[in-house]
Amino acid sequence: MDKELDLEFKPTYDWCVRAFSLVKKRLGINICLHDDDDSFANGDIYLFNHFARFETIIPQYLIYQSTGQYCRCVAAGELFNASQSFASFLYGLGALPHNYPRLLPFLAAEILRGRKVIFFPEGGMVKDRQVMEDSGEFSVFSPTAKMRRKHHKGAAVLALMVELFKQRVQAVFEAKDHRRLERWAHALQIDSIDSLLEVANKPTEIIPANITFYPIRACDNILSRSAEFFSKGSNPRLVEEVLIEANILLKDCDMDIRISRPLHVQNVWHWWERKLLAIVFHQINALDDFFRFSEAPGTTTQKLFKICSLRGTSRLRDYYMEAIYSGVTVNLYHLASLLIRRLVELGKQRLPKPLYHKALYLAIKACQADDKVHLHASLDNPENYWQLARGQTCPELEKYLVSEGCAEHIRQQGRYYCFDDSLIRQSSFNRVRLENLIQVYANEVTPIHGAVSSVEDACNTLLSLERTQWAWHLYDDERRSAQFDWQRFQKKPYLAINQKEQARGAGKPYLYLPEGPRNKIGVLLVHGLLASPAELSSFARQISDLGYVALGVRLKGHGSSPWDLKDRRWFEWLESIQRGRRILSAFADRIFLVGFATGGTLCLLEAARHSKGICGVAAVSVPWEFKTSHLMAAYLAYGWEQLTSWTPVVKKKGIFRDYLSENPALNYHSFPTRIAYELHLLHDELARELPEISCPIRLYQGTDDPVVEARGVKELFKLIGSKNKQLQMIESVNHGILHQNIGDCQRRILDFIGELEKQQVDLS
């Protein structure tokens, strides 16, 4: 029978791998395999949690893709009774019924022959994701037994018996019993004694893995409607499963598969158990003997062996179940659900929306700080959630609040969220994914201690958090954003442009706090177009040494890749300054803005629009009128591309133009042509707003600037509405008079800040 299984194994398996590859490509299934230890390919036994039926084919596909190895897995015996053709198909996929004769010895032999074996230790689909009891023990609900039970130990038994047999092989080799080794190698279909010894010397590894779906959708789809039509409502369980699982495949859904650190089975025994097991070794004449002694012991020694086996398998089972459940990829829906459940448990079923948003934000930040919590990629990018810190909602939370399975338990009354206490009541196991997705999400993330404690801490500290603590969170977001943007554009399609750049690494913002007493004014520094915060970092250090808190912001699209800048809009740059102001305002009473080139344009616009809290602006080399022809050429090239983009024969050739900078180590070499259009829009916006500026202003301009037309700054100066304004011309043939400190530009700005600081002290 074993040889017959092997004959029909490979052709069907190969066909299914090709078919799944095609379906994956056509449907756009987002499978992300996280293998931090690079251990996935080296495992023997693979364990996965089970939430959807099609999960039973994904592990085989992934293992084959990574290793080229065929896999065996265990399936419910009743599936093989449906029809002979379907049973043959399952056998061809490497599946075996749970009641297959000599199942574990057969799988052990497969492992020794180099095959992989897959188990789903939950024993069935866990639709409610409730895997942890109040005591902290792991268990799942059995729909057939209608009670909770521990996870299956088949994988643990198999792993331990394989490892013991390997140790027995090593002992027989040391005893030089080559005839027995030859007999075992022949029985296992292994080429030689040397090959058998090579297998025996390799530690048996269990690879625990967790599959997390995000988001889970309970809305109708074409397959669920078809299932309901053909079943005429007689099989609601089938309709529910088709509805949930088809949405995972048909609608945009991320499938994160996280591989935990491998478990080496040989490490599960205590020293005294090893001694006892050694006594039994001389009675082992075949692989089946280990399983026979474990199941039906005869002698006292064999009974002791069974006791050790039971202890070892229980211990190993607990190890790998904890490893599986600690691999959940935590997303915003998880934390939002945990937070709602916690609030209901505390009796707070009505909460102002801003408080809920801020609590959710704090939970995210706490999870980011815990390296044991694995976060979904969406929470690596602060752009997806940073509105929460201001008490506002964010797009992903809005989707969650109105999604089916969640919206039924959340009512929005004006500026309040009202939570239904039904969400903490037990739901029907087979309908929980339709009736209460909040419960499903919360259950799934409950084994993650860091996620649970992050929500607890958020609830406890929300109202007592100091402004500086909030500011540090916001500052961390800015640095994370820089790192995320940099990493996003390090892939192959962007390398040709990136390799032209001399600047390397993410251009992160910086926050310098004086070591001694602090002045009342904080200084916000804004770099120029194509540059990064590093452009003004040395000046910021000098400012900080004088007692001022100095923050260098990063304008979005900068400090990462020219590709990142290509599609950015001018108002995104302005928002970068506004976020910087919120951070700096926690450390200073008033804020002084220093901006170079386009950074100066943005500082003036910010002072015109949001003057509260701004005590002054120093704008250097503001590009009111460009001297260089390449910007005009880029602007015209972008306009031509927009006009001809609908014509298939016209290809976009001018996405980037080379830019020769005075500081190539700080500035992009490649200039995105579209950005010239954004500069044009920004110029027009500032022209309308300049009369609204009321705070003290200082403009600094080089007389022979090669980039900016010097006479243009005089027109800019006239339009500024402030009565306290000065224009200082500096003899220079360079554009970067601030960075290079030409004409003592930095000292002039410091003197201006000192004057304003004296006024602040006098007023106090």
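These entries record what I looked up in the structure.

**Basis.** I worked from a predicted model, in which local features need pLDDT of at least 70, side-chain atom pairs count only at pLDDT 80 or more, and totals for chains, interfaces and linings use all residues. Residues are numbered from 1 along each chain as its sequence is written, and side-chain values use heavy atoms, with hydrogens and water left out.

**Sheet.** I looked up an open sheet of 7 strands, with the order E16-E18-E17-E19-E20-E23-E24 and mixed pairing. Strands (E, at least two residues) and helices (H or I, at least four) are DSSP runs numbered from the N terminus; two strands pair if DSSP finds at least two bridges between them. Strand E16 (510-512) and strand E24 (725-730) are the edges, each pairing on one side only. On average, neighbouring strands of this sheet are turned by 15 degrees against each other, direction ignored.

I then followed strand E17 (residues 521-526), which pairs with strand E19 (residues 590-596) in the parallel sense over 6 bridges. Within this pairing, Val523 has Phe592 of E19 as its bridge partner. Helix H22 (residues 537-545) packs on the sheet and touches E16, E17, strand E18 (549-553) and E19; contact means heavy atoms within 4.5 Å. The direction of H22 makes about 20 degrees with that of E16. For such angles, axes are lines fitted to C-alpha atoms, for helices over the stretch in contact, and values run from 0 to 180 degrees between N-to-C directions.

**Salt bridges.** I noted 38 salt bridges in the whole structure, each a side-chain nitrogen of Lys or Arg within 4 Å of a carboxyl oxygen of Asp or Glu. One of them joins Arg129 and Glu444 (3.2 Å, N to O). Arg129 lies in the loop between strand E5 (116-119) and strand E6 (140-142), and Glu444 in helix H18 (residues 437-445), 315 residues apart. Arg129 counts as buried because its relative accessibility is 6%, and Glu444 is buried at 5%. Buried means under 20% relative accessible area, exposed over 50%, and partly exposed in between (1.4 Å probe, protein chains only).

Asp751 forms a salt bridge with Arg747, the closest N and O atoms being 3.6 Å apart. Both residues lie in helix H29 (residues 745-763), 4 residues apart, about one turn of the helix. Asp751 is partly exposed at 40%, and Arg747 is partly exposed at 36%.
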